[in-house]
Amino acid sequence: MDTLYLVIPCYNEEDVLPETSKQLLCKISSLIEQKKINSKSRIVFVDDGSKDRTWEIISELHKNNPFFQGIKLSKNQGHQNALLAGLMTVKKYADAVISLDADLQDDIDAIDEMLDKYYDGCEIVYGVRNSRDTDSFMKKATAEGYYRSMKILGADVVFNHADYRLMSRKALDSLEDFHEVNLFLRGVVPMIGFKSDVVYYARKERLAGKSKYPLKKMLAFAWEGITSLTTKPIRMITVLGIVIFFVSFIMLIYSLVSYFAGTTITGWTSTIVSIWAIGGLQLFAIGIVGEYIGKVYLETKARPKYFIDEYLDD
């Protein structure tokens, strides 16, 4: 039997933690009784600089039950960095780690199937939503459009997968080799390779409280994912510059024809051609420079992703 750790990033989750901890403890206990995992398995909450009583609740849970552990970050670092902090902290103690959100919208009963696939040799198991029937039309359209856009732009992400996944220690050791500061885990994890599979589940309603991802934050997160995984948007600028430059030749022919036909005023031809030609060349030049800046941008960021203030372990 292997050791399983559950890593749960938390930001202002005082409303959901009592019920979340109760359900996760029941799940861990059940898995131990079924001899799917050993008694060294733990539940680890990562407090991402919460402003409410989240850390107090985590500390109390740890005090009352050794199955609960807590990691407190020095300040709010964002969901991805909080999740990464938890994964990197516990990987030396666990054989496998499952990450999930504190609101338990991700069905924890899918953990059983994740473990089955892990024992079958999978190093990574993705939790994937089987539908978006509970989402509003706008949220469903924007989410599906986002995944398709990521695919078109060259970012290899798992469709309808967020951050509910199982990773073995081997996979986590490989994840540690990625040194980008703005690490977009949903796109980086598939780059690791190794044997992987998916588990489908129905997403539930949030236990309590409000979503920490309003539209503005979701859009920022989506843009972060695109810019941290691919330089195709910059290439698109280059292509646009080339297209506009060639359009300028068409405009040149049109302008000359209009000039000789006597339907233009003095100076119109040179002005319109200059605008199109120079504009196209500028975009083309920006695109070429952007190719290099994009590559430097992706490779040279080296600021720390997080700082751990306190770790409540055994």
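Which residues are linked with Lys27 in a network of salt bridges? Asp109 and Asp112 are linked with Lys27 in this network; a salt bridge is a side-chain nitrogen of Lys or Arg within 4 Å of a carboxyl oxygen of Asp or Glu.

## Basis

This is a predicted model, in which local features need pLDDT of at least 70, side-chain atom pairs count only at pLDDT 80 or more, and totals for chains, interfaces and linings use all residues. Residues are numbered from 1 along each chain as its sequence is written, and side-chain values use heavy atoms, leaving out hydrogens and water.

## Sheet

An open sheet of mixed pairing is formed by eight strands, in the order S7-S5-S6-S4-S1-S2-S3-S8. Strands (E, at least two residues) and helices (H or I, at least four) are DSSP runs numbered from the N terminus, and two strands pair if DSSP finds at least two bridges between them. Strands S7 (196-201) and S8 (308-312) are the edges, each pairing on one side only.

S4 (residues 96-99) and S6 (residues 161-168) run antiparallel and are joined by four bridges. Arginine 165 in S6 is the bridge partner of serine 99.

## Salt bridges

The structure holds 11 salt bridges. In one of them, lysine 91 and aspartate 173 have their closest N and O atoms 2.8 Å apart. Lysine 91 lies in the loop between helix H3 (79-90) and S4 and aspartate 173 in helix H6 (residues 169-175), so the pair ties together parts 82 residues apart in sequence.

Aspartate 163 and arginine 186 also meet through their side chains in a salt bridge (3.3 Å, N to O). Aspartate 163 is buried at 6% relative accessibility, where buried means under 20% relative accessible area, exposed over 50%, and partly exposed in between (1.4 Å probe, protein chains only). Arginine 186 is buried at 17%.
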